Amino acid sequence: MPPPDDDLPAWSGPFVDAGASPGSLARSAGLQSIDRDWAWGRATGKRVRVAIIDSGVEGSHPKVRGRLVESVAVQLSADGDPEVVPDEPQDLFGHGTACAGIILGLAPEAEIVSVRVLGADLKGKGAAFARGLEWAIERGVQVANLSLSSKSEAMYPVFHELADDAYFHNVALVSAANNVPVQSYPSLFSSVLSVAAHGEPDPWRFYYNPRPPVEFGAWGVDVPIAWKDGTETAATGNSFAAPHIAGLVALILSKHPGLTPFEVKAILAAVADNAAGSDARRTPAIS
Amino acid sequence: MNDEPTGDELTDAVQALRAVALRGAVAARMEADSEQRLLQSIVDATLRLFDAEAASIALFEPDPDRLEFRVAAGPQGAGAIGKSVKPSQGIAGFVFSTGQALALSDVASDPRFDRSTAERTGYLPRSLAAVPLVDEGGAHGVLQVLDKRSSPTFSLRDMELLAVFATQAATAIAAARVQRDLPTLLRSAIGAVANGSLSSPQIDALATAAADLDRQAELPFWTLVDHVSSVRNLGERELSLLADILSVVAIHGARAPRRR
């Protein structure tokens, strides 16, 4: 069922006609043998740790499936420096829990690490966010889902260094694109998987955008989500699209451990719904 | 040398003063309620465009940190005006904190959804969309739309349109706020120039004098000279420092059109 036009990102149209696209990687000979079954067939996300850098995760929520393995929060020390401390398995807004639910909907056996950088009237959000991301990289997670960004010029070099750090530590950073036309970091950095929303109600449907900085499009309109206090609702926004890609990345990494973020991107591009090759989207077996 | 500003510092500080005075002069031309009227026109237009039950703008205010609903439109909007929520609370708080636009539907089906805030504003929406008011300077607040009548949900196009309105609002707010922030900006600029050699009451006096002139005068730089020279309680050394500043200001000011 084709979705209404206004629910497709502007860039998805041209790329559906892959023949006219500059994103030619998926058409190259070697990648034609890559399909979704190869990429993540029978994978569950097992042994992949995904950090959710957000508002916290409600550990007891049914959609979190008991997969929350660690919760920390960034708070400001007496000197005003951000520090990471253990946190309750709680979510102050509901948003981090929503992200966890989406990721686990695709990768049910992934391990969720909650890094809470929002709430409790935290000042210096950019610095707290950076410290949380740094902690997640040091902690050795394989995927980090970021639904927030910093607009501060002063934070640009900090996030740039962290994005490189993540890349060199094989941490795939998945970031919600901003739909307000201002510079924001780290979603604009090249090593990050930046994600915008599409409106087709299918968690497995995603697009590769050959004209970055936004590189991927995933379901982000009217997505059923887990919310605060064990509840569920439906939500729209790029920040609900990003965890769909994070979930797919977790699946790929659980089946192919040790891939670099660059390799993960190449695989995603090869099996995207708008990649050339009619069998790119052969439905994989799910265990 | 150690307590004298260097040439570079002086130039920087004078440039800061010049920028502040110029922006202040622009802001002074805007009427006192122009920000309010502009915001109101934005929520009115948003309401009509979306055919919604309510639209509102909440702006960030410090001490204590809060998001204050400044304007609203629509039959269900009035109850929100003047109410505040914590920046760590509810959808508005999340959108403000993250800079991420989002929409929720089936809100009423969730009995615990942000009920305290909704009840305080006197209206419990079924769906809502919220986008941040951001510009290069950061987040100023949140624009919200409640209950689009034609559809139970918000589309991507809705979110993009809302972002366009939010960009307008953010620009207007940033311009209007320069006026309000003028004394603080001036105080820090003068403080930087004086490099510790002026007492804080003296800096305050200068800042107040300079902020006042922007509301009254077309020609901030030349009036600045008058105001500064009327500050009596400066010592010899400070006056000499100010003379240096003003000579640079005068050079900058001479580039602007002035009264002969």
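Trainee: Where does B:Asp51 lie in chain B?

Mentor: B:Asp51 lies in the loop between helix 2 and strand 1 of chain B. Helices here are DSSP runs of H or I with at least four residues, strands are DSSP runs of E with at least two, and both are numbered from the N terminus. Keep in mind that this is a predicted model: local features need pLDDT of at least 70, side-chain atom pairs count only at pLDDT 80 or more, and totals for chains, interfaces and linings use all residues. Residues are numbered from 1 along each chain as its sequence is written, while chains are lettered from A and ligands numbered from 1 in the order in which they are written.

Trainee: Why is B:Asp51 called partly exposed?

Mentor: Count C-beta atoms, which are placed from the backbone: 20 or more others within 10 Å means buried, 12 or fewer means exposed, and in between is partly exposed. B:Asp51 has 13 others within 10 Å, so it's partly exposed. Its phi is worth a look too: about 45°, positive although B:Asp51 is not a glycine.

Trainee: How do you know whether B:Leu47 is buried or exposed?

Mentor: B:Leu47 has 21 C-beta neighbours inside 10 Å, so it counts as buried. You'll find B:Leu47 in helix 2 (residues 34-50) of chain B. Skipping residues up to four places away in sequence, it touches B:Ala52, B:Ala55, B:Ala73 and B:Gly74, where contact means C-beta atoms, placed from the backbone, within 7 Å. B:Leu47 and B:Ala73 are 26 residues apart in sequence, yet their C-alpha atoms are 6.7 Å apart.

Trainee: What kind of peptide bond runs from B:Asp63 to B:Pro64?

Mentor: That one is cis, with omega near -10°. B:Pro64 lies in the loop between strand 1 (52-61) and strand 2 (66-73) of chain B. Over in chain A, the bond from A:Pro212 to A:Pro213 is cis as well, with omega near 25°. A:Pro213 belongs to the loop between strand 8 (206-208) and strand 9 (216-219) of chain A.

Trainee: Which strands of the two chains are joined by three bridges?

Mentor: Strand 11 of chain A and strand 4 (residues 102-105) of chain B, running antiparallel. Two strands pair if DSSP finds at least two bridges between them, so three is enough. A:Ala234 has B:Ser105 as its bridge partner, and A:Thr236 has B:Ala103.

Trainee: What is the order of the strands in that open sheet?

Mentor: Eight strands go 10(A)-11(A)-4(B)-5(B)-6(B)-1(B)-2(B)-3(B), with antiparallel pairing.

Trainee: Why do strand 10 of chain A and strand 3 of chain B stand at the edges?

Mentor: Strand 10 (223-226) of chain A and strand 3 (84-85) of chain B each have a single partner strand, so one side of each has no neighbour in the sheet. Helix 3 (residues 95-106) of chain A packs on the sheet, touching strand 10 and strand 11 of chain A.

Trainee: How many residues are in contact between chain A and chain B?

Mentor: 38 residues of chain A are in contact with 35 of chain B. Strand 11 gives the most to chain A's side, with four residues. That side splits into 15 nonpolar, 16 polar and seven charged residues. Ala, Val, Leu, Ile, Met, Phe, Trp, Tyr, Cys and Pro count as nonpolar, Asp, Glu, Lys and Arg as charged, and the others, Gly among them, as polar.

Trainee: Which residues touch the most other members of the largest nonpolar core?

Mentor: A:Val50, A:Ala144 and A:Val174, in a core of 145 residues. A nonpolar core is a set of buried Ala, Val, Leu, Ile, Met, Phe, Trp, Tyr and Cys residues joined through C-beta atoms within 7 Å. The contacts of A:Val50 beyond four places in sequence include A:Ile103, A:Val143 and A:Ala246.

Technical notes. Contact = placed C-beta atoms within 7 Å. Axes fitted to C-alpha atoms, helices over the stretch in contact; angles between N-to-C directions.
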